[in-house]
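Here is a friendly walk through one structure, with a look at its packing, its rings and a few backbone details. Please have the sequence and the model at hand as you read.

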Amino acid sequence: MRKGCILMHISSLPSEYGIGKMGKNAFAFVDFLKKSGIKCWQILPLSPTSYGDSPYQSFSVNAGNPYFIDFEILEGDGLLEKSDYDKIVWESTADKVDYSLIYEHCFDVLKIAYNNFRPSRFPDYKKFCDENKSWLNEYALFMALKFKNDGKAWYEWEPELAMHKKKAVDAVKKELKKETGFFKFMQFEFARQWSALKSYANEKGIEIIGDIPIYCALDSVEAWATPKLFQFDKNKKPVAVAGCPPDEFSPTGQLWGNPLYNWSYHKKTDFEWWVSRIKRASELYDIVRIDHFRGFESYYAIPYGNEDATVGEWEKGPDYELFRVAEEKLGRLNIIAEDLGFITPEVRSLLDKSGYPGMKVLQFGFSDGENEHLPHNFASTNYYAYTGTHDNETLRGWIEASSPASVKFAKKYLGVKKKSEIPMAMIRSAWGSVAQTAVAQMQDFLDSGKEARMNTPSTLGKNWQFRTKKEDFTPELAKKIRKLNKMYNR
C-alpha cells in the first residue's frame, strides 16, 4: 500500500505548557492526520533528553521523556489540581520550546502527582514495574543519583558509585528508595499515556513510525551500569567515540562523542542487548527507523579526547549477523534503514540482505539528472522518500541556503517558474514517486521558513525547539493534503 507520512515530534505539538504533550492536542493531531488521508505519523526518539536537548543523546534508550506527560490527564486521575500547573510560566516565546523553563518546573509538578499517587488505585503499576524491571530499576536509581548530584554526569560522581561498585550501589538503593519510586512513577505514567495515544492512532488507521538512535550517550544508565557493552578501558573511559569523517559539508567531520559498542562482546551474547532493544522499540512503535544504519556494517572510530573528527578509522561492525539473529528471535521486523551518509558497496549489500526499505531525501538531489535522490532514479518501491528530514532545512530554508545552480535545476526539474513554488512542487514530486511511503515535515505543509528548522547537526543550542499552534491545523490544510494523497494514490 502506498502511504503518505507527516514527520513531527511530540515536542512540536500545540500546548499551553511550553512543550507538546500526549493529551488532547496529540489526539486532535491524530484526527487532523485522519482527515488529511495521512497513514503514518513519524516522530523522533521518545527518550528523555539530556544536555543539548537532543532526543538522540539520552539518559536511557528505554525510558520515555517525562516532559511529554500530560498534566490534564493526571488531573483527571485525581493526581493534580489545575492550580498545581496552570499558573506557571512555561514559555518565553510562543513558537519555541524553552527547555530551561520546562526543566525548572516540570519535575516539581510531577512530584506533586507522585505524592498523591497510591499504587493500590492503579493495579497496572505493579505489573508495569515487574514487566520492565530489566531496565526500569537501574534507570530509576541512575536518575535519582543524578538529581542528588545536581545533574552531574555519572563519571563525576564519587568513585565507588561512578564505577558501579555493588556495595556502594546497594547502599544508595536503600537511601534513595522514595526518589527511585518517583522515576518509576513517571515511567508508568508515560507508558499509560503513550499506549492510549498509539492505540487511538492505530484505531484511526494511522501507523506510528518511531526512531531509535544507533548509539547510547556517554552520560547514560547503559554506560554507567553495563560498561561491558562498550569500548571502555578499565576506568570506564571510552577508548574511541562515534562520529563521521570530514566531507564537503563538514571539513572537520562530525564528532558525536558517543561511546562505541564492544561488538565482540555483543556477538558472544548472541546480541541479547540489541535484540531486547529492538523488541521494545517494536512494541512502542508500528515501524522502527534505525538511525545511522550504515554503522552496523562499519563505523567511524575517533580516538577519545580528540577535538574534532579529522583523525579516525573505519572499523568493522556486526553487519547482517545482528539482524539475522534478531529476526530469528523476534520474527520479521518492520524497520526503515537510515542509509544516508558515506555509503559503500558493503553497506548496500547489508541493505539488500536485510530487505529493509532505505531512504531518499529530495533536498540532496538537485545537482544533476544522475543524482540517486531524484525520484526518476529510484530503483524500486522499497524506499521512504523524504523531502527533508529533521536534520535538514525546511523547504523554504533550503531555497535560501542553496546555490543558485541548485535552485535553477530544481525549478527546471519540478516544472515551476518561481522559487516560492518549489516547496509544494517538491512535496508533489515525493508523493508522485514510486516510493512506498512519501514523507514531509509538518513545517513544509505549513510553508515555514528557516526559523522552523528542527536541528542543525553538529551545533549546540537553538535546536529541537520548533512548535506548532492549534490554529495551524485548519480544515483547509487537511483538505489540501487529502487531495494530494488521493491524487497520488496514497
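Contact here means heavy atoms within 4.5 Å. This is a predicted model, in which local features need pLDDT of at least 70 and side-chain atom pairs count only at pLDDT 80 or more, while totals for chains, interfaces and linings use all residues. Residues are numbered from 1 along each chain as its sequence is written, and side-chain values use heavy atoms, with hydrogens and water left out.

Let us begin with Asn 258, which is found in strand E5 (residues 254–259). Helices (H or I, at least four residues) and strands (E, at least two) are DSSP runs, numbered from the N terminus. Leaving aside neighbours within four places in sequence, Asn 258 is in contact with Tyr 56, Gln 57, Tyr 215, Cys 216, Ala 217, Ala 240, Val 241 and Ala 242. Asn 258 has 4% relative accessibility and so counts as buried; buried means under 20% relative accessible area, exposed over 50%, and partly exposed in between (1.4 Å probe, protein chains only).

Asn 116 sits in the loop between H3 and H4 and, at 36% relative accessibility, counts as partly exposed. Not counting residues up to four places away in sequence, Asn 116 touches Gly 78 and Leu 79. The C-alpha atoms of Asn 116 and Leu 79 are separated by 5.4 Å, although the two residues are 37 apart along the chain.

**Helix H4 and its two sides**

Which residues of helix H4 (residues 124–131) are buried? They are Tyr 125, Phe 128 and Cys 129. These residues cover an arc of only 95° around the axis, which puts them on the same side of H4; the arc is that of the directions from the helix axis to the C-beta atoms. Asp 124, Lys 126 and Glu 131 are exposed on the other side of H4. Helix H5 (133–148) and helix H8 (177–203) are among the elements that cover the buried residues of H4.

**H3 against H8**

Helix H8 also packs with H3, at an angle of about 100° and with the axes 10 Å apart. Axes are lines fitted to C-alpha atoms, for helices over the stretch in contact, and angles run from 0 to 180 degrees between N-to-C directions. The two helices, H3 and H8, are therefore roughly perpendicular to each other. Angles of 65 to 115 degrees count as roughly perpendicular, under 35 as roughly parallel, over 145 as roughly antiparallel and the rest as oblique. On the H3 side, Phe 107, Leu 110, Lys 111, Ala 113, Tyr 114 and Asn 115 meet Lys 178, Gly 181, Phe 182, Phe 185 and Met 186 of H8.

**Aromatic rings**

The structure holds 55 aromatic pairs. Rings of Phe, Tyr and Trp (its six-membered ring) pair if their centres lie within 6.5 Å; planes under 30 degrees apart count as stacked, over 60 as edge-to-face and the rest as tilted. Two of the pairs are set out here.

| Pair | Centre to centre | Angle between planes | Arrangement |
|---|---|---|---|
| Phe 117 and Phe 185 | 4.9 Å | 50° | tilted |
| Trp 157 and Trp 224 | 5.5 Å | 70° | edge-to-face |

The phenylalanine pair links distant parts of the chain, with Phe 117 in the loop between helix H3 (99–115) and H4 and Phe 185 in helix H8, 68 residues apart. Phe 117 and Phe 185 are both buried.

Trp 157 lies in the loop between H5 and helix H6 (159–162) and Trp 224 in helix H9 (residues 221–225), so this pair ties together parts that are 67 residues apart in sequence. Trp 157 counts as buried at 5% relative accessibility, and Trp 224 is buried with a relative accessible area of 0%.

Two lysines also meet rings. Lys 21 lies over the face of Phe 71, at 4.2 Å from the ring centre, and the charged end of Lys 236 sits over the ring of Trp 154, 4.5 Å from its centre. A charge sits over a ring if NZ of Lys or CZ of Arg is within 6 Å of the ring centre and within 35 degrees of the ring normal.

**Around H12, and positive phi**

In helix H12 (residues 320–330), the buried residues include Leu 322, Phe 323 and Val 325. Their cover includes helix H10 (263–268), helix H11 (272–284), strand E6 (287–290) and helix H13 (345–354). Just after H12, Gly 331 takes a positive phi of about 90°.

Asp 319, in the loop between strand E8 (313–316) and H12, has a positive phi near 60° and is a residue other than glycine. Asp 319 counts as buried, at 16% relative accessibility.
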